[in-house]
Amino acid sequence: QVQLVESGGGLVQAGGSLRLSCAVSGDTLRWYSMGWFRRAPGKEREFVAALTWEDGITRYADSVKGRFTISRDNAKNTVYLQMNSLAPVDTAVYYCTADTSLAARNPLYWGQGTQVTVSS
């Protein structure tokens, strides 16, 4: 079992930055890949970014490459999503996820989500 608690969402102007945090607890984390998904109003849920806990291998959606960075702090058991150059299309509820696969399309564990709103 893995428990995930997101924080850091909010309202930001286009071009601005936000950093989301995900506090992770539970199972042996080095077995897992951590990820971020998002769901925009009226749209399907989509993958954003993921990394393997043990060695930090990352993958990103094409729509966020070069703007978003996923990282982890082993000592704090926390995963981050640094979001730069935000645009209104990035407005969504962002979910932290955990799964044993870096490429999981429907991860095993989900946080409660945090709202990110980007104004134009």
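This is a predicted model: local features need pLDDT of at least 70, side-chain atom pairs count only at pLDDT 80 or more; totals for chains, interfaces and linings use all residues.
Residues are numbered from 1 along each chain as its sequence is written, and side-chain values use heavy atoms, with hydrogens and water left out.

The structure contains 1 disulfide, defined as a pair of cysteine sulfur atoms within 2.5 Å. This disulfide joins Cys-22 to Cys-96, with an S to S distance of 2.1 Å. The link of Cys-22 and Cys-96 is left-handed, with -85 degrees about the S-S bond. Because Cys-22 lies in strand β3 (residues 18-26) and Cys-96 in strand β9 (residues 92-99), the pair ties together parts that are 74 residues apart in sequence. Strands (E, at least two residues) are DSSP runs, numbered from the N terminus. Both cysteines, Cys-22 and Cys-96, are buried, that is, under 20% relative accessible area with a 1.4 Å probe and protein chains only.

Strand β3 also belongs to an open sheet of 4 strands in the order β1-β3-β8-β7, with antiparallel pairing; two strands pair if DSSP finds at least two bridges between them. The edge strands, β1 (2-7) and β7 (68-73), each pair on one side only. From one strand to the next, the twist averages 20 degrees, with axes fitted as lines to C-alpha atoms and angles running from 0 to 180 degrees between N-to-C directions. Strand β7 pairs with β8 (residues 78-83) in the antiparallel sense over 6 bridges, and Asp-73 stands opposite Thr-78 in β8.

The structure also holds 4 aromatic pairs. Rings of Phe, Tyr and Trp (its six-membered ring) pair if their centres lie within 6.5 Å; planes under 30 degrees apart count as stacked, over 60 as edge-to-face and the rest as tilted. One of these pairs, Tyr-32 with Tyr-109, is edge-to-face, at 6.2 Å centre to centre and 65 degrees between the planes. Tyr-32 lies in the loop between β3 and β4 (33-39) and Tyr-109 in strand β10 (residues 109-110), so the pair ties together parts that are 77 residues apart in sequence. Tyr-32 is buried, with a relative accessible area of 7%, as is Tyr-109, at 17%.

The rings of Phe-37 and Phe-47 have centres 5.6 Å apart and planes at 75 degrees, so this pair is edge-to-face. Ring pairs link Phe-37, Phe-47, Tyr-95 and Trp-110 into a cluster.

Methods: Buried means under 20% relative accessible area, exposed over 50%, partly exposed in between (1.4 Å probe, protein chains only).
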